[in-house]
Amino acid sequence: MLRQQHDRIDPKRRNIVDHRKKQFATPQYKETDYPTRLNFYSDAPTADITLEQFEQWAIDRLRVLGELEACSFRNRSPAETATHMKPLLDKYLPLDSNSSASSSLFSQRQKDHYSHFILRLAFSSTEDLRRRFTRVETMLFRLRFNNDDLSERAKFIAGLDFDWWETVTEQERQEFATELAATAGPRKSPEDDSWFKVDWDRVPDLVEGRRVFLRQGKAYVPGREQSSMVVAEFSARLEKQLQLTARALPRLDEDDRLTPILNHLSKNFVTPDAAYMSGSTAPVGAQISANNIDSLSQHFPACMSHLHRSLRRDAHLKHYGRLQYTLFLKGIGLNLEECLLFWRRSFHKIDDDKFNKEYKYNVRHVYGDVGGDSNRRGGGYSPYSCQKILTEHPPGPGEAHGCPYRHFNMENLTALVQAMGVSDRATLQGIKEDKDHQKYHMACNRVFEYLHKNEIKKAKEESVMTANQLETIVHPNEYFKRSYLLKNLGKDADVKMEE
């Protein structure tokens with residue numbers, strides 16, 4: 001009887017597969033082809049890559065997107081942005097044209113493809129991250145589109161196969177020649193341009209600017225305005241794809257290899273994280289010792305300047321302040337012996353016995369001189385980046401660590417940056433606006449650029465600034481190193497703007 005009932009089950013129902021299993025079934029491998037540099041990222045990649053590539057490619061793309069966002073914060077023009085971004089794109093996310101005959105075309109485009117999808121995973125979890133990711137990815141696409149090889153761009157557009165635009169026929173061009181000529185303006189005749197016909201509501205910005213001819217609900221768009229349509233479509237599609245990705249995220253929790261990486265990347269969108277690549281070495285030509293920390297403090301960012309001033313005032317710092325400052329001093333090149341001497345002199349209100357019992361071990365531990373095996377092998381702990389200072393261990397009463405741009409009220413922040421040498425009213429107002437909009441690393445860069453405006457101008461004129469020194473500063477130790485090199489440029493033959 002049970003068998004007979006089972007046989008009467010609708011055979012269609014037997015084939016129903018759990019929608020989650022179907023959605024996340026093993027993807028069919030598809031050989032990815034990259035005929036052009038530009039990419040709408042419609043298809044997810046399926047080939048295998050290493051975990052190291054997964055993380056490094058995403059970090060490289062994040063640096064590019066973070067710098068693009070910084071250009072937007074600074075209100076740079078499209079031309080200024082393109083000039084600023086070129087060396088950074090060449091370094092982190094190069095894309096050669098087909099005509100270059102480069103042997104790296106496939107590997108470059110594969111990295112671009114994968115890194116986009118990796119960050120799409122990382123930044124789809126919240127509406128704010130999705131909105132920011134769409135905005136900066138659209139900026140990157142527009143930058144590439146406007147600077148692409150014309151023939152390669154035409155090939156890319158031809159392959160998009162948009163079903164919502166039509167090429168205006170020769171008959172229509174002749175029928176509306178007067179209207180099209182008026183739209184094209186005096187510089188061009190309609191015969192010198194290609195024309196496209198789309199529903200008017202797809203190009204509201206062009207309609208508002210009266211840059212198209214309207215007839216029967218259709219907008220006749222000149223070819224030179226094509227980028228507006230393509231970029232708008234890129235943005236619209238990415239928004240929809242991010243929504244779909246957000247629904248898929250819960251399934252990724254099962255992969256304990258990827259989730260920590262993705263969480264790390266999404267946190268770093270607060271401000272791009274940057275490992276201090278130069279290691280614990282002093283800038284070329286600098287003498288770093290306990291005796292000259294006071295004079296070197298003129299090159300400190302606000303967070304470290306405040307710690308140094310607090311230490312000199314109170315002859316003491318609480319735990320997280322000592323940790324943040326010790327790691328920074330280690331990063332600028334102060335060796336363990338000199339660091340111990342610096343802290344012993346700074347804590348002059350206590351005797352040797354108390355210092356040795358309560359503070360000396362912690363300094364040695366930071367340097368990797370004592371502690372676990374992994375700590376010793378790694379040479380101790382790394383200096384904190386801006387991102388880590390901003391997001392971990394907010395300061396409490398009596399504590400001096402953290403980021404002043406985030407944790408100070410405006411009155412105290414103004415007093416600090418004025419003590420550092422910022423007197424310009426416009427700069428102070430800019431700092432306030434950056435703080436109000438939670439662009440803390442931009443406020444720090446604003447202070448740096450004000451304090452070093454003459455040296456930066458000179459370095460640019462003499463073409464001695466590298467691609468790294470064009471990037472927005474996202475690490476206190478990078479702030480120090482760049483400040484020291486700029487202020488000493490030309491004073492000593494050994495001091496060079498090198499990273």
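**Exercises on a predicted model**

C444 is buried, at a relative accessible area of 11%, where buried means under 20%, exposed over 50% and partly exposed in between, for a 1.4 Å probe and protein chains only. The model is predicted, with local features requiring pLDDT of at least 70 and side-chain atom pairs pLDDT 80 or more, while totals for chains, interfaces and linings use all residues. Residues are numbered from 1 along each chain as its sequence is written, and side-chain values use heavy atoms, without hydrogens and water.

**Exercise 1. Describe the surroundings of C444.**

Step 1. C444 lies in helix α25, residues 440–451; helices (H or I, at least four residues) and strands (E, at least two) are DSSP runs numbered from the N terminus.

Step 2. Apart from neighbours within four places in sequence, C444 contacts P301, Y405 and Y479, contact being heavy atoms within 4.5 Å.

**Exercise 2. Determine which residues UniProt lists for "binding site" and how they are arranged.**

Step 1. The unreviewed UniProt entry lists C303, C386, C403 and C444 under this feature. UniProt positions follow the numbering used here, feature names are shortened, and annotations may be inferred rather than shown by experiment.

Step 2. The listed residues span 142 residues in sequence, yet no two of their C-alpha atoms are more than 9.9 Å apart, so they gather at one spot.

Step 3. The lining of the largest cavity includes C303, C386, C403 and C444. A cavity is a set of points on a 1 Å grid over the protein atoms alone where a 1.4 Å probe fits but cannot get out, and lining residues have an atom within 4 Å of a point.

Step 4. C386 belongs to helix α21, residues 386–391, and is buried at a relative accessible area of 15%.

**Exercise 3. Characterise the packing of α15 against α16.**

Step 1. Two packed helices are described by the angle between their axes and the distance between the axes. Helix α15 (residues 302–314) and helix α16 (residues 319–332) pack at about 115°, with axes 10 Å apart. Axes are lines fitted to C-alpha atoms, for helices over the stretch in contact, and angles run from 0 to 180 degrees between N-to-C directions.

Step 2. The crossing of α15 with α16 is left-handed, meaning that the near helix is turned anticlockwise from the far one by less than a right angle.

Step 3. From α15, C303, M304, L307, H308 and L311 meet G321, Q324, Y325 and F328 of α16. These contact residues comprise six nonpolar, three polar and no charged; Ala, Val, Leu, Ile, Met, Phe, Trp, Tyr, Cys and Pro count as nonpolar, Asp, Glu, Lys and Arg as charged, and the others, Gly among them, as polar.

Methods:
1 Å grid on protein atoms, 1.4 Å probe; cavity = no way out; pocket = protein on both sides within 12 Å on 5 of 7 lines; lining within 4 Å.
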